[in-house]
Amino acid sequence: MTNFCIKTERLVKNYGSGTFENAIINNVNISITSGEFSIIMGNSGSGKSTLLYLLSGLDSPSSGKIWIKNIPIHNRSQKDLAMLRRKMIGFVFQDNNLIPNLTIQENILVAGFLVSGNRKLVNQHAENLMEELGILSLAKRYPSQVSGGELQRAAIARALINNPMILLADEPTGNLNSEASEKVLECFSELNRKGQTIVMVTHDLKSACRGSRVLFLKDGTIPDNHSYYVDKNHPGTEDELFTWLKNMGW
Amino acid sequence: MTLLTGLSIALAALLFSSGLAILQSIQKPFDKLYDKLNASHIVMLYDVNNQNTSEFKDWFTRQPETERVSEGSPYFLCNGPLLYKRNKIEVMIQLTEYNNDNSMQDKLMIIEGAHKKSPEHGEIWLPKYLANNYHIQIGDTIGIPGPGGLYQVIVSATIADPQYESGMVNPTRAWIATGELPFFIPVTQLSNTMLGIRLKNPDSTSNLLETFNRQFNYTGVILTYSLFKNAYMGIYQIMGNLILVFSIMALLIALFMVRSSIIRAVYDDYKLTGVYKALGFTPKNVVSLYVIQYLLLSILFIPVGLAGSWFIIKLLLGSISQKLGGFETANSFQQSIYFISLFVIAVLVVLTAFTGSFKAAKINPVEAIRTGAPVKRFSKFLMPKEISKSIFPLPVIMALRFLSANPRRSFSQGIIIMVTIFIIIFSINISSSFENLKDNKPAWGFENGDIQLSRREAVVIGLNNEQLIEILSKEKTIEHVVPFSYTSLSILSNADLPILEINGKAYADSLSYAGLLNLKGKHPQSANEISLCVGTASQFNKKPGDSINVFIEGQKTNFLVTGIYQDVSNMGQGFRLHENAMKKLNPIHTPAVYSIKLKKNTDVNKFKNYLLKKLGETISIDASIEDRITQMGIISSMKTALFALSFFFIIIMLLTIGSDILISIKENQKHFGILKSIGWTPNQIRMSMVWKILCIAVAVLWIAITLGVSLSPVLMGQVTSGIGLIKFPFIINYPEMLMSIPLTLVLISVCSWWLSKSSASTNPRTLINS
């Protein structure tokens with residue numbers, strides 16, 4: 001096995017039952033290497049979010065295999081998956097999903113305290129993260145008291161508090177305006193520059209160009225030729241990506 | 001959730017109808033039996049040498065209130081003990097001759113045995129409760145001690161004798177054949193007669209007696225219908241009242257659950273309700289949806305509760321029936337109780353549903369369709385204040401957050417848990433107080449002696465007071481002896497007319513020596529001092545320092561009231577004197593009863609047997625009050641009722657915890673999904689829900705214990721004041737109470753853990769997207 005972070009083999013996820021059973025993810029084989037910034041794109045209902053949830057262990061496949069590093073996760077108990085998510089995976093949701101009766105800082109801490117018994121250290125780390133992400137001044141505020149972009153950055157801080165191996169993000173800028181989106185995407189780019197492996201689902205072309213590779217999910221599957229490597233230095237990347245996506249059926 | 005709510009409604013219905021039925025039923029069987037057997041409302045017991053029977057008969061017959069006057073029946077008061085299968089039965093028994101007149105008035109109902117017109121020569125008819133208590137069967141022989149020795153009679157029947165069925169009227173009464181008494185009692189000693197007066201309306205008893213006492217200088221004993229009824233009803237009234245009071249609490253809790261489940265349903269159906277409104281449903285239509293739902297729920301579950309109450313009522317009435325000697329009680333309560341319960345509870349449930357569903361009526365369709373759920377507002381006063389500085393584990397931190405985010409619900413939950421723990425503590429300690437009566441006798445009005453013996457005067461060779469005292473003083477195992485005597489007096493009105501006859505005691509020693517207590521004031525010491533029982537004092541509005549005119553030992557006397565005490569033995573009526581008072585009125589008065597306090601670690605039964613062996617027929621040992629109360633089944637009945645009450649409330653508490661957990665899971669589904677997504681294990685999430693309930697329980701525990709310990713005696717005092725106990729003799733059972741607390745917490749934890757299962761098993765993605 002090569003230096004992969006995430007690998008799937010014949011991954012299938014069905015919804016419904018009997019005659020109404022429908023394969024939303026149908027025989028997906030992907031491999032994401034360390035330090036890669038992978039983008040998953042596809043049409044509405046193509047199963048992008050489902051694929052992301054499967055990769056994070058938040059959902060379980062109907063069949064097939066998933067490895068995080070060399071650890072198979074497709075047949076793990078909920079408890080094992082939770083332990084895995086603590087230490088190896090950070091997840092950023094589209095609508096941040098911060099707990100409303102915890103402050104911004106507390107939302108980050110409840111994730112951090114799961115791994116480290118040294119609460120003082122975790123608190124310090126949380127404050128450092130918040131400062132990096134430009135939200136330290138919002139530490140004592142509740143989610144209802146801050147803007148969407150700031151919430152999303154708080155969600156990113158929560159996802160990073162335990163130094164996860166992989167950061168998964170499900171349309172993190174989906175509910176944000178362009179200014180807020182830009183700030184969030186800049187965070188992701190910065191993290192990737194520092195070596196963070198990121199897998200992001202998006203339907204936005206500009207966001208996709210931040211990545212190093214784009215995977216196109218069509219009819220629940222990603223064949224080998226559904227990959228596009230992004231050249232950030234190339235000025236026409238966005239247009240080329242657009243053309244490629246159009247050819248894929250986007 | 002619907003099932004839980006329905007069950008709580010059923011439980012409330014069960015308790016409510018049981019309480020009503022008990023209260024309604026206890027009187028009916030007694031009254032029915034009384035009327036069926038043409039029982040006398042006034043029973044006069046007197047010595048014919050002092051009173052004129054024909055004068056009394058003529059007078060009562062002429063009164064418009066009188067329905068019938070019986071022929072006098074001779075009786076002999078046997079102080080016991082009866083001998084049965086080599087065992088001694090310590091009872092005082094009034095052996096009464098059954099005559100032809102008993103076929104018209106004061107009839108007897110044969111429960112077991114041959115149905116004859118009267119007992120035959122050598123036979124005895126016993127009250128059913130007495131036969132049950134001592135397991136006496138038809139055909140058994142019992143020995144009755146008489147002046148000439150033991151007289152053997154065969155038990156040929158057990159009977160229902162309404163005036164004596166409670167077992168609390170002492171002495172009790174048994175029936176023998178006409179002309180039987182002279183066979184074993186010297187004729188010179190047969191001067192006691194019993195006369196019965198049956199009234200058209202028992203409510204006219206006191207007026208009639210007042211008139212009678214003005215006419216005649218009557219010095220015998222008068223027992224009335226109200227005494228008999230109170231003796232019978234006392235304990236069941238307590239039970240019935242308790243069940244009813246707690247049923248109202250159960251009902252409130254059930255209504256709380258109805259309201260909670262409606263709130264949850266409104267939450268669940270938020271978007272759907274918005275859609276209905278968009279389609280044209282009016283607010284009234286929306287409200288009626290919920291009202292009809294809960295009306296149907298009531299119609300389904302209330303009958304379940306009522307069916308359950310049928311068994312409870314049957315059980316309790318069976319117990320009453322046993323006390324009444326098997327008189328049919330099963331259907332003595334009105335079927336209307338069921339309809340009343342159904343109606344009351346259904347109306348309350350529907351009203352609660354109606355008010356609870358107003359929230360649904362106010363839903364804004366646009367907001368509901370767009371957001372899918374109501375905007376959650378949570379309290380600003382969240383705990384713990386700073387998670388980063390908290391020392392608690394994460395599940396506890398999250399539990400405190402959930403708890404403080406919804407203070408109203410946490411408060412309601414706390415109230416329910418507090419009430420349940422209060423009831424558990426109440427039940428444990430009240431049961432214990434009854435059980436430990438023997439260690440706390442003075443508080444109940446009794447002497448603190450371990451043995452009470454009576455000196456027999458009607459024996460060939462007896463002991464006088466001084467002789468007995470001398471013998472007892474030489475016993476090394478005796479700590480002290482307090483001689484006393486039973487006596488009676490009539491309280492006089494302002495016009496010097498006797499208006500109430502009461503029984504009391506005169507003590508030869510300091511009353512403190514007998515461990516006796518006062519509620520107010522002090523014990524009588526001199527010849528002109530008296531202390532009154534609380535019922536008597538209240539009736540005549542007397543307090544320490546007041547004076548009272550009485551007729552005692554054939555003389556009109558004025559006493560100074562020095563103290564007020566409580567005593568359960570005569571339903572709150574009575575008095576205490578010092579022997580000095582008796583000697584002043586009757587110089588030859590000597591005590592005949594002795595309360596003996598033994599030294600510590602002395603075997604009481606062994607010493608009793610020793611005394612009987614040593615002193616033989618010159619003494620009789622009276623049944624201890626705790627034995628009598630045990631035999632009457634009072635303690636076991638109370639314990640059963642209290643246990644059932646605690647059990648019901650624990651069920652209600654668990655139902656409300658279940659309801660709260662299910663609502664919490666529903667409301668916090670998304671949060672649980674988020675927590676799972678960041679690495680919380682299912683068990684950690686479950687533990688946060690368990691900790692939430694535990695934190696509430698621990699917070700209210702101290703309040704519940706404090707209230708339980710301080711309010712239980714007050715509550716019981718209110719309930720038992722009718723039987724002469726206004727300050728309930730409360731004993732705290734620390735071991736059981738302290739053991740019950742962790743057990744309750746464990747039960748709460750286990751229930752919460754089990755119910756939180758659904759939150760653990762659900763897929764995080766499903767939770768997040770809910």
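Trainee: Which residue does A169(A) stand opposite in strand 9 of chain A?
Mentor: A169(A) faces M200(A) there. Strands here are DSSP runs of E, at least two residues long, and helices are runs of H or I of at least four, both numbered from the N terminus.

Trainee: Where does the numbering start, and what kind of model is this?
Mentor: Residues count from 1 along each chain as its sequence is written, while chains are lettered from A and ligands numbered from 1 in the order in which they are written. This is a predicted model, in which local features need pLDDT of at least 70 and side-chain atom pairs count only at pLDDT 80 or more, whereas totals for chains, interfaces and linings use all residues.

Trainee: Back to strand 9 of chain A. In which sense does strand 8 pair with it, parallel or antiparallel?
Mentor: Parallel: strand 8 (residues 166-170) and strand 9 (residues 197-201) of chain A are joined over 5 bridges. Two strands pair if DSSP finds at least two bridges between them.

Trainee: What sheet are they in?
Mentor: An open one of 6 strands in chain A, with the order 7-8-9-4-10-11 and mixed pairing. Strand 7 (89-92) and strand 11 (227-229) of chain A are the edges, each pairing on one side only.

Trainee: And chain A overall, how many helices and strands?
Mentor: Chain A has 8 helices and 11 strands. Its C-alpha trace spans about 50 × 45 × 35 Å along the principal axes.

Trainee: What radius of gyration does chain A have?
Mentor: 18 Å, which agrees with the value near 18 Å for a compact globule of 250 residues. The radius is taken over C-alpha atoms, and the globule rule is 2.2 Å times the number of residues to the power 0.38.

Trainee: Last one: what does strand 15 of chain B pair with?
Mentor: Strand 15 (residues 478-492) runs antiparallel to strand 22 (residues 593-598) of chain B over 6 bridges, with I478(B) bridged to L598(B). Strand 15 of chain B also runs antiparallel to strand 19 (residues 547-552) of chain B, over 2 bridges; there I491(B) partners V550(B).
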